[in-house]
Amino acid sequence: MTPSALILNAPRELAFEPLELRPLADGEVLIRTLYSGISAGTELSQYRGTNPFMHRRFDEKSRLFVADDEPSWPYPVRTLGYEEVGEIVESRAEDLPIGARVFGTWNHRSHFIAPADYARERLMPKGADPRIGIFSHIGAVALNGVHDANIRIGDLVAVFGLGVPGQIVVQAATRSGAQVIAIDPDPLRREIALKHGAWLAMEPQGAAERIKEMTGGRGADSCIEVSGVAAALGEAIRAVAYASRVVAMGFLQGEIGGIRFGEEFHHNRVQLICSQISGVAPEASHRWSKPRLWRTAVELQHRGLLDLLPLITHEARFEDAPAMFDRIDKGESGLLQAVLRFEP
């Protein structure tokens, strides 16, 4: 395969750009990509041109989005893709042999030159299906959300949104000892959640009333919103118990309307927590970090505690990436995790 990378020249305009691979320096490895997953959340917001980083500059010092002449991600965008796994094909590090497999984030590209420390921290378990590596980052996002929910064994947890991150949240929350109610308008997604540990599945309409009724008026011990849909966040706020926690994991974009903050949110003292992978819960930061979350997402799969490969519903050659993005953008029925396959 000619070394190349996928770039975005304008909203919904993908192109392939040749990669020039320089000679390796000491302590570097060359990784050939095997698989790269496509995110239907953050990555699709890049593809559509709706991501705030594409319209404003994020000032790292103040952590504010500011109006500026140059956004953080100007076109052409070269940051598409954050779910990769590959194998080392050239090495200048004695302990990293050719053939060793590595997971990580290096965008939709056929090859990646990595420092040895980067590769060592992300080595795949021996004998593992390489495809579990594409879930390292999105799996970490989901695990972070479950941690932010402060789940206790026996808790009733409602998960709103059953795309890929929502499905991982369902499995992780179940393994944490919770009874999970999986909520989504798509019956196929509800069925998948039930197959992988959800106690109950239901449609979003009337979910708060049903959850309150089945708990004698108490509500869910915590709700995790993973869809990025304002109406789902509003229903999660209505469904949670008094003085309990709603975790907002979904990427809510633009101005949000339709949530009545003067009703259940105000009168039930609801805690609204944002979960985002740029950081972990402060109270656990002395133990947990992003690298630990990444590795845990892979190791839990390898040990059989998370079963994420069934979430891969579509696979295409890297050369066919534009067509796959178009299918995801149009909301093709039955599509969960799409994967790009890189052939030698």
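In this predicted model, strand E13 (residues 240–248) pairs with strand E14 in the parallel sense, over 4 bridges. Within this pairing, Val246 has Leu272 of E14 as its bridge partner. Helix H7 (residues 230–239) packs on the sheet here and touches E9, E12, E13 and E14. The direction of H7 makes about 150° with that of E13.

The pairing of E13 with E14 belongs to an open sheet of 6 strands. The strand order is E11-E10-E9-E12-E13-E14, and the pairing is parallel. Strand E11 (200–202) and strand E14 (271–274) stand at the edges. Each has a single partner strand, so one side of each is left without a neighbour in the sheet. From one strand to the next, the twist averages 20°. In a regular strand, side chains alternate between the two faces of the sheet.

A further helix, H6 (residues 207–214), also lies across strands. The strands under H6 are E9 (156–160), E10 (179–183), E11, E12 (220–225) and E13. Helix H6 runs at about 150° to E11.

Antiparallel pairing also occurs in the model. Strand E3 (residues 28–38) and strand E6 (residues 84–91) pair in this sense over 7 bridges. Leu30 has Glu90 in E6 as its bridge partner. Strand E6 also pairs with strand E7 (residues 101–104), again in the antiparallel sense, over 4 bridges. There, Gly86 stands opposite Val102 in E7.

Helix H3 (136–148), helix H4 (164–175) and helix H9 (290–302) are the elements that give two or more residues to the lining. Helix H3 gives the most, with 3 residues. By class, the lining of the second largest pocket has 8 nonpolar, 4 polar and 1 charged residues.

The structure holds 1 cavity of 30 Å³ or more. About 40 Å³ of space lies in the largest cavity. The residues that line the largest cavity are Ala5, Leu6, Ile7, Glu17, Arg78, Asn107, His108 and Arg109. Strand E1 (residues 4–10) supplies the largest share of this lining, with 3 residues. The lining of the largest cavity divides into 3 nonpolar, 2 polar and 3 charged residues.

A search of the whole structure finds 10 aromatic pairs. A pair of aromatic rings is described by the distance of the centres and the angle of the planes. Tyr47 lies in helix H1 (residues 42–48), and Phe325 lies in helix H10 (residues 321–329). The pair therefore ties together parts that are 278 residues apart in sequence.

Note on methods:
Residues numbered from 1 in each chain as written. Predicted model: local features only at pLDDT ≥ 70, side-chain atom pairs only at ≥ 80, totals over all residues. Heavy atoms only, no water. Pairing = 2+ DSSP bridges. Axes fitted to C-alpha atoms, helices over the stretch in contact; angles between N-to-C directions. Contact = heavy atoms within 4.5 Å. Nonpolar A, V, L, I, M, F, W, Y, C, P; charged D, E, K, R; others polar. 1 Å grid on protein atoms, 1.4 Å probe; cavity = no way out; pocket = protein on both sides within 12 Å on 5 of 7 lines; lining within 4 Å. Points joined across faces, edges and corners; volume = space filled by probe spheres on them. Phe/Tyr/Trp six-rings, centres within 6.5 Å; stacked < 30°, edge-to-face > 60°.
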